[in-house]
Amino acid sequence: MQTDPHALFDRWLSEAEASEPNDPNAMALATVNASGQPSVRMVLLKGHDDGFVFYTNQTSRKADDLAATMRAGLLFHWKTLRRQVRVEGPVTPVTDAEADAYFATRGRLSRLGAWASDQSSLLPDRATLEARLAEVTARFEGSDVVRPAHWSGYRVTPGTIEFWEDGDYRLHNRRLFTRNGDGWTEGLLYP
């Protein structure tokens, strides 16, 4: 039995990368705003160390929710493997160096899009976005597209990680890891 949940997650993610047809690093991100309204959306895992890292526009609804509570839940669902992983815990911003390094790996159009989009704000029409993209494309013509100050990332450091595997007759296998100081306590959950 694997007793390090991060090593187990890495193994499961590797297996998902070999079997899932699209975005095995996709995860549902659940947040709650200051008034208690929940929200969930799909984002992409872009790093895994002692936490789970994703990037976004800091003016987005998800960033507002995270600023209010600094907590989040994640769900990875790998349909072909009949597995899922749930993560819950506190959220911290990544460092500027981490954000800069990841931003530099994105395609040029994606970097330009980070400048052009007021993510989660109302958009009057598609032409407005296309005009803004043309404007920032012209602004950065012939030069590198640096990371805008309003774009960065977050690390969800798990307090709990649950590994779920489908079982016959709905007798699923559920393993729960709970942070215990610098280590983990492992237990099973009823399906």
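Helices (H or I, at least four residues) and strands (E, at least two) are DSSP runs, numbered from the N terminus. The structure is a predicted model, in which local features need pLDDT of at least 70 and side-chain atom pairs count only at pLDDT 80 or more, while totals for chains, interfaces and linings use all residues. Residues are numbered from 1 along each chain as its sequence is written, and side-chain values use heavy atoms, with hydrogens and water left out.

E20 is located in the loop between α1 (5-19) and β1 (26-32). E20 is buried but has no salt bridge, and R83, the nearest side chain of opposite charge, is 8.8 Å away. Here buried denotes under 20% relative accessible area, exposed over 50%, and partly exposed in between (1.4 Å probe, protein chains only). A salt bridge requires a side-chain nitrogen of Lys or Arg within 4 Å of a carboxyl oxygen of Asp or Glu; Lys and Arg count as positive and Asp and Glu as negative, with His and the chain ends not counted. With residues up to four places away in sequence not counted, E20 touches W78, K79, T80 and L81 (contact: heavy atoms within 4.5 Å).

Strands are taken as paired if DSSP finds at least two bridges between them. β1 and β5 (residues 71-78) run antiparallel and are joined by three bridges, with A28 opposite L75 in β5. Eight bridges pair β5 with β6 (residues 83-93), also in the antiparallel sense; in β6, R83 is the bridge partner of W78. The hairpin of β5 and β6 has four residues between the strands, and R82 there takes a positive phi near 55°.

Aromatic pairs were assigned to rings of Phe, Tyr and Trp (its six-membered ring) with centres within 6.5 Å; planes under 30 degrees apart count as stacked, over 60 as edge-to-face and the rest as tilted. The count by this rule is 13. The W12 and F163 rings are edge-to-face, because their centres are 5.1 Å apart and their planes lie at 90°. W12 lies in helix α1 and F163 in strand β8 (residues 160-165), so this pair ties together parts 151 residues apart in sequence. Both W12 and F163 are buried. The rings of F52 and F76, with centres 6.0 Å apart and planes at 50°, are therefore tilted. F52 in strand β4 (residues 52-57) and F76 in strand β5 are 24 residues apart, and both are buried. One aromatic cluster is formed by F9, F52, F76 and W78.

R83 also lies over the face of W12, at 4.3 Å from the ring centre; the criterion is NZ of Lys or CZ of Arg within 6 Å of the ring centre and within 35 degrees of the ring normal.
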